[in-house]
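Here are a few exercises to work through with the model open beside you. Try each task before reading its solution.

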Amino acid sequence: MIDMENNVRIAMLLRQIAALLEEQGVAFKPAAYRRAAKELEDLPQDISTYKGLKELEDLPGIGESIAKKIQEYLKTGRISALDKLLMAQGGISPALMEVEGLGPKRARVLQTELGIQSVADLIKAAKEGKLNGLPGFSEIMQRKILENAGRVSERNRRFPRTELIDDVAKLLAKIRSVTGVEKCEVAGSFRRGKETVGDIDVLVVTTSAKEVSDAIAELPIVRDVVAHGDKKLSFDLTSGIRVDVRLVERDQWGAALLYFTGSKEHNITLRKRAIQRGWKLNEYGLFEGGKLIASREEKDIYDALGLPFSEPKNRAE
Ligand code: 8DG
Ligand code: CA
Ligand code: CA
């Protein structure tokens, strides 16, 4: 699936494993998978930036077995243990399991009773009223499932920039009005002026990350919160697009804005240049050994690297 960060995506898969193990009556493990999922969602950076099994296992809530599954996902895009569980439990379609609230039991009913395999099948059947009378599909449940199925397809969709301009302006204004927010800007492909946008990335400066992230989660423009940590918050807007908010301290602003504006390719180019000088660049700053060289403004980092400031629209590579 495109446009979904590894952390959120893997967390969802771990929760699927938890649900399937629970159905098999396995003790303790489901809770461990859910805890790991929560930890993943709270990570301040993408899980792929942790290199090797050891670094993964050092993360709270993540033991060897889950670390291996994360590695497998990053390498292959799948977790074979999950596929096996799905197969063992009647060949449940992985696509259906992506619909929040469906779970293995209901997914199986849909498959056996109606031959539903894909999210598109599900939406069609639900709209035609074919779910009526199926065990476990009350009217309320049907409505919830239809809504969540719609979201799965939204996740695969890119939004034209023009459709988002108002949303972004409104969102930034709302966030800036939250007590404790010192600074707030849009980053990612939107800031780079791309014609289509997968999700909206927003960077916030605050010294009270927890209070601010809680307050943002309560804004009326937020439809539902997908991941909620102190330094990172993900939610869908009422219009359906996903928003990723990162909360940083003022000193980290330039490095974080640079990193989250991307593109990924541009970041790689800058990182290589830093490495050539024996330095290290990440979303926290430009470092020589443990010593911080630059982080406060984007320009400071370009300067230190001996490069002219690059306008976001030119940061394709
Ligand atoms: P999109 O949402 O329109 O698809 O594009 P984007 O805004 O450029 O990508 P993003 O997935 O939302 O990530 C925002 C920025 O984070 C990206 O432009 C560069 C930075 N970034 C990296 N490496 C990685 C990574 O491995 N995963 C993610 N999600 N972002 C990364 O430099
Ligand atoms: Ca984005
Ligand atoms: Ca993003």
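A polar contact is a pair of N or O atoms within 3.5 Å; within protein, one must be able to donate a hydrogen and the other to accept it, and residues adjacent in sequence count only if both atoms are side-chain atoms. This is a predicted model, where local features need pLDDT of at least 70 and side-chain atom pairs count only at pLDDT 80 or more, while totals for chains, interfaces and linings use all residues. Residues are numbered from 1 along each chain as its sequence is written, chains are lettered from A and ligands numbered from 1 in the order in which they are written, and side-chain values use heavy atoms, leaving out hydrogens and water.

**Exercise 1. Find the side chains in polar contact with ligand 1, including that of Asn267.**

Step 1: begin with the surroundings. Ligand 1 has 20 residues around it, and the closest are Arg158, Ser189, Gly198, Asp199 and Asn267; a residue is near if one of its heavy atoms lies within 4 Å.

Step 2: look at the distances. An oxygen atom of ligand 1 lies 2.7 Å from a polar side-chain atom of Asn267. For the side chain of Asp199, the distance from an N or O atom to a ligand oxygen is 2.8 Å, and for Lys264 it is 3.3 Å.

**Exercise 2. Work out which residues hold the calcium ion (ligand 3).**

Step 1: list the protein donors (N, O and S atoms within 2.8 Å of the metal, or 3.2 Å for Na, K and Ca; water is not among the atoms, so sites may look incomplete). They are Asp199 (OD), Asp199 (OD), Asp201 (OD) and Asp244 (OD), at 2.3 to 2.7 Å.

Step 2: read their spacing in sequence, which is D-x1-D-x42-D.

Step 3: return to Asp199, which bridges this ion and the calcium ion (ligand 2), 3.7 Å away from each other.

Step 4: check burial (buried is under 20% relative accessible area, exposed over 50%, partly exposed in between; 1.4 Å probe, protein chains only). Asp199 is buried at 13%, and Asp201 is buried at 11%.

**Exercise 3. Which residues of α4 are buried, and what do they pack against?**

Step 1: pick out the buried residues, namely Ile66, Ala67, Lys69, Ile70 and Tyr73. They lie on the same side of α4, because their arc around the axis is only 160°, taken from the directions from the helix axis to the C-beta atoms.

Step 2: turn to the packing. These buried residues pack against α1, α2, α3 (52–57) and α5 (80–88), with contact meaning heavy atoms within 4.5 Å.

Step 3: inspect the face turned away from the buried side, where Lys75 and Thr76 are exposed.

Conventions
Helices (H or I, at least four residues) and strands (E, at least two) are DSSP runs, numbered from the N terminus.
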